Protein chains: 6
Amino acid sequence: MAERILVINPNSSLSCTDGIAAAIAPFAAPGLPRLDVTRLPDSPGAIVTWRDWYGVAEPLCRMVESEAADAYVIACVSDPGLEAVRTVTDRPVFGPLRCAVAAAMMRGERFGIIAFTDKSKPRQRRALQSMGVDTRLAGTIPLNLDMEVLTDPVAPRARLAEAARELVAMGAEAVILGCAGMAGHRAFAEQACGVPVIEPCQAAVTQAILSVVAARGAGMRLAAE
Amino acid sequence: MAERILVINPNSSLSCTDGIAAAIAPFAAPGLPRLDVTRLPDSPGAIVTWRDWYGVAEPLCRMVESEAADAYVIACVSDPGLEAVRTVTDRPVFGPLRCAVAAAMMRGERFGIIAFTDKSKPRQRRALQSMGVDTRLAGTIPLNLDMEVLTDPVAPRARLAEAARELVAMGAEAVILGCAGMAGHRAFAEQACGVPVIEPCQAAVTQAILSVVAARGAGMRLAAE
Amino acid sequence: MAERILVINPNSSLSCTDGIAAAIAPFAAPGLPRLDVTRLPDSPGAIVTWRDWYGVAEPLCRMVESEAADAYVIACVSDPGLEAVRTVTDRPVFGPLRCAVAAAMMRGERFGIIAFTDKSKPRQRRALQSMGVDTRLAGTIPLNLDMEVLTDPVAPRARLAEAARELVAMGAEAVILGCAGMAGHRAFAEQACGVPVIEPCQAAVTQAILSVVAARGAGMRLAAE
Amino acid sequence: MAERILVINPNSSLSCTDGIAAAIAPFAAPGLPRLDVTRLPDSPGAIVTWRDWYGVAEPLCRMVESEAADAYVIACVSDPGLEAVRTVTDRPVFGPLRCAVAAAMMRGERFGIIAFTDKSKPRQRRALQSMGVDTRLAGTIPLNLDMEVLTDPVAPRARLAEAARELVAMGAEAVILGCAGMAGHRAFAEQACGVPVIEPCQAAVTQAILSVVAARGAGMRLAAE
Amino acid sequence: MAERILVINPNSSLSCTDGIAAAIAPFAAPGLPRLDVTRLPDSPGAIVTWRDWYGVAEPLCRMVESEAADAYVIACVSDPGLEAVRTVTDRPVFGPLRCAVAAAMMRGERFGIIAFTDKSKPRQRRALQSMGVDTRLAGTIPLNLDMEVLTDPVAPRARLAEAARELVAMGAEAVILGCAGMAGHRAFAEQACGVPVIEPCQAAVTQAILSVVAARGAGMRLAAE
Amino acid sequence: MAERILVINPNSSLSCTDGIAAAIAPFAAPGLPRLDVTRLPDSPGAIVTWRDWYGVAEPLCRMVESEAADAYVIACVSDPGLEAVRTVTDRPVFGPLRCAVAAAMMRGERFGIIAFTDKSKPRQRRALQSMGVDTRLAGTIPLNLDMEVLTDPVAPRARLAEAARELVAMGAEAVILGCAGMAGHRAFAEQACGVPVIEPCQAAVTQAILSVVAARGAGMRLAAE
């Protein structure tokens, strides 16, 4: 059977799911694992509160138990349920926030986060603490926009550009889009602020590709030079 | 012109270069950037000493100045000359050690490194310090083998397996192969120790792919679900 | 209405709930808040896995929403659902692990934890990281006993004493009982190892008393000297 | 003989001693240890300088040697002589600053301190360093008022409120009153700034109660549910 | 043969070399090691870029191999090539930036750096990381002046004074002159800002003197009191 | 009047004072500040306990107030009273432990301490915490010998050599003699363990020389090359 990476949006927003799919589509290629995007039925419209965050862990576990894949991405930039999901499968499970931080650190020593809302900050702080890199956070700036506004191709851009620039002024050498719903604005934000802007689902999918392709084993042959 | 990622082995070992090429070959795919592997002419047979490490910075700068690419990987697991090379191009430049640490941290909270020699340790310590994650290093175990022995498909395996297992006993939840010359032993080492084993050039190439593909801009379309 | 502190055991073990009640009973006194102990209906027999840990957050929120109190203690030494519960009440909510760490740090600079099982460690690591004191952990030693064995007045004592002594040898200047089910063994463990042994529910209840009594306002009168 | 906790004000200010006694009085209750407050004869009017701080260590040792108690609190928010006093008794000795920091960390991840004077800061920094939590200090704001002004029920309040609010703006999720002389203003300050305000002598006395009551041994009986 | 300390300016600026020599001259004394100052032929006019920084490592190694001394100082406040030079001699090699940080920390807990240019910052960050004291940096303020302006006895002083004062306002309790070319302005800067100002070549030379004199062996006699 | 550095042994041991004088004698030279060694009358025979440590602060302040000097060294490797003494003079005051740590860090990234007794460790921990480098301590090994045995030219050497070697095995790249009474054994210990051994009074005196000579002002002239 073909390799596949299952990308699960733990919220029920269609526009958010579409944005995730669009963001990762360019990483699908012949010979690489198939990228399947789905969303959690009956989940909140966005992961806004700690209660949302805790609440999606169990449904995520159940979906992963019932859907075989070679690697999983929990496509929300607060990495909900990550540790729980890891206990129900022996395949790798990736959190986009952690993967985005890892990618940002490949481009600079300090990074900033454009957050979905004020309430996102403590959850993101936990992920940074689990990686031991909380002192590398230059700052977090929340947009406090509705998911449907955020995923609009135009509406949130002025605010996004301003936030990205402000983070650079605070010392960020790379900027992380703090919600999967911002995926369609990556290139715009990068142009606006002049430092690399990381889209977390893209960062997570490439980590997932690394894990699946590397796992094919030692039977590789020299192909280049 | 087609996108390409240039992977530069800063040592002159042919078997090491071949191992790098073999390790990254599976990440080449239609629609993704081409992966070109080269080596630095007139460079040492391996980057063993601090003097080697400092010495390849300038030749690396010159090669990058003369070879256009969309992203560069300096394919030695001590990230030599990284900061200097970054000043001669506006394209992203990746160090495999940092990328491997980032990938390892996506799989566990503490990681270990199987080092080329005793002398590798202080250089790797610098890279960990620059990322701020030196406290997450469970341990480093050097193999102290010649490059040509290391790249042999059989010779170094007993020692490698032992080192990987010892690192796990020291608390490593992921293991990093500390030299590009060990690339062909990844799957073997993983089987030996039971935790994810990261091959740094693979980790760096996927970060490079992320940077190049993401940079294509916002003109993506929904492709999945 | 009289002040009260609600202590909620998030598991369904009766012997564990009894042990918690016995441990905190001596802190009940006329003029101080009443201490009420309850347990979460339909909860697991013990919080053993990450899935258990995530799963009790929502039932805890619901219980706190429906049971008025002046302060709440979530009586499990992995502080499950703490952040979520804090969003559903404006009264203070305490996690026994964090409170035990705070109390241990009042008695020494490094502390050790006797854990319920091997699986407790990563959850406790998160709480230490959230307090920023993970480097002060001298070590964690799991007992790996069933809850009903653990709450037996005799059965677990030899193993508990050995673990406490080993933690002291590892540099612990105070020892934390890592499960509410160990509450009845505090004095025994302290005698066995010679350094202060902290029972987390006691530590949490005194923090809760502090918060409730201090909140009575400024209308205090000089009563002593 | 009845259990008692001896609270020693290491300065000679009567109004400061009265304030301490008033602050801790509500924690006295039948069945709990008696709370006795005293002050060090011939001590400075306030612990303002490093010289004061070093100087009270020996008199504190002598008082503790001559006054039996079940636990001691050194009632100055710079924890003077703490390590020395601990060597002259086998009973627990508590420092209010450390206890206040511990209590503050139970209510938020970052805290601020309203300091007595500019000169308090380096001494408080030492205590935070000894706990390993200096990075959690959001800020310190000194009032620079005389002890007799500080203990006035009205005079210092405008300044106190302003300081508390400013600390919240700097990121403090809890505020510590940095001098025992501010004890009477706790409720006022909390109302002014909207986050929990910790009075250190209260925090220390509850830690002392925890240590004395817990030490009664294992002979507890189930009392609740 | 007489003991000597060789101080190597890795840039080719004559005025900078003269400034270094003047700064360290007062530390030469009968009975102590001779202080010889030289500069690296064919080196850049100043170490401004990462490429300069990497590039001087090999020439420094060659000079140290060919010039016997009892200790070496690499007289540039970015400590270029330090680890490489240490591998070509068994005598101590000192970097002025690290020595200045060490000296600054003997005078206060936080320090600031007046940097040569904006580009100096990341190199200095590496040295602080290697010492583990990057959190003690209150701030860095670059002057962005040419080397020949910087070594002028008058031209850069207004800017220098302003930078020193601003660093004190940022919390610096000692200030480091971030380029050997500023050596002649130490006393001026100290007077301007009121906290100790450290000239790194002086700091390095005293560390070198310590290492050489201490190494004379145990044959000392009581000489004082 | 001639510049002088006053080195105050805060204990009353004659042999210890002699050892200090002998250790620093080689740093006295024409043109440099005179080095005067004295001891605190009526002080303990050694600073062994926290009570000793706190107790000498006030007598040290009084001596410094009555003895003019250009810089002061408190010649005990636990830096007693340092902060207090700094408030009674505007001249620099140095602690040998901090200066030794600074010197050790100029020779390697991790260091070990040979301590006077078991009881020295918590005091040394405070000094390391105040510098923020406690994670760089590879280990501490106490000798637990009387001061008069320690200062004997032969008696303590076997134990000292063993301790130094053990610290190197623990990862120390430099070793600090943790008591001024060990001063006469520096060269021996260095030969025994093969890494630099730092004598703290020598380290402090060179920092003091740096501060006094640098303070002479800007009127220097080029003297070398």
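Contact is taken here to mean heavy atoms within 4.5 Å. In the predicted model described in this passage, no contact of this kind joins chain C and chain E, whose closest C-alpha atoms lie 15 Å apart. Chain A and chain F likewise do not touch, and their nearest C-alpha atoms are 15 Å apart.

Chain E and chain F, by contrast, do meet, and their contact takes 55 residues from chain E and 55 residues from chain F. The size of an interface is often given as the accessible area lost when the parts come together. For chain E and chain F the buried area is about 4,300 Å², with carbon and sulfur atoms giving 65% of it. Across this interface of chain E and chain F the search finds zero salt bridges, while eight residue pairs are in polar contact, counting pairs with both residues at pLDDT 80 or more. On the side of chain E that touches chain F, at least two residues each are supplied by helix H1 (14-24), strand E2 (34-39), strand E4 (93-94), helix H5 (96-105), helix H6 (120-131), helix H9 (186-193) and helix H10 (200-214) of chain E. The largest share of that side, nine residues, comes from H10(E). By residue class, the side of chain E that touches chain F divides into 33 nonpolar, eleven polar and eleven charged residues.

The crossing of H10(C) and H10(D) is right-handed. From H10(C) the contact is made by C:Gln202, C:Ala203, C:Thr206, C:Gln207, C:Leu210 and C:Ala214, and from H10(D) by D:Gln202, D:Ala203, D:Thr206, D:Gln207, D:Leu210 and D:Ala214. The residues of this contact divide into six nonpolar and six polar, with no charged residues.

Over all chains, a search of the whole structure finds 96 salt bridges. In chain C, the side chains of C:Asp70 and C:Arg91 meet in a salt bridge, at 2.9 Å from N to O. Because C:Asp70 lies in the loop between helix H3 (57-66) and strand E3 (71-74) of chain C, and C:Arg91 in the loop between helix H4 (82-86) and strand E4 (93-94) of chain C, the pair ties together parts that are 21 residues apart in sequence.

Technical notes. Residues numbered from 1 in each chain as written. Chains lettered and ligands numbered in written order. Predicted model: local features only at pLDDT ≥ 70, side-chain atom pairs only at ≥ 80, totals over all residues. Heavy atoms only, no water. Buried area = accessible area lost by both parts, 1.4 Å probe. Salt bridge = Lys/Arg side-chain N within 4 Å of Asp/Glu carboxyl O. Polar contact = N/O pair within 3.5 Å; in protein donor to acceptor, adjacent residues only side chain to side chain. Helix = DSSP H or I, 4+ residues; strand = E, 2+ residues; numbered from the N terminus. Nonpolar A, V, L, I, M, F, W, Y, C, P; charged D, E, K, R; others polar. Left-handed = near helix turned anticlockwise from the far one by under 90°.
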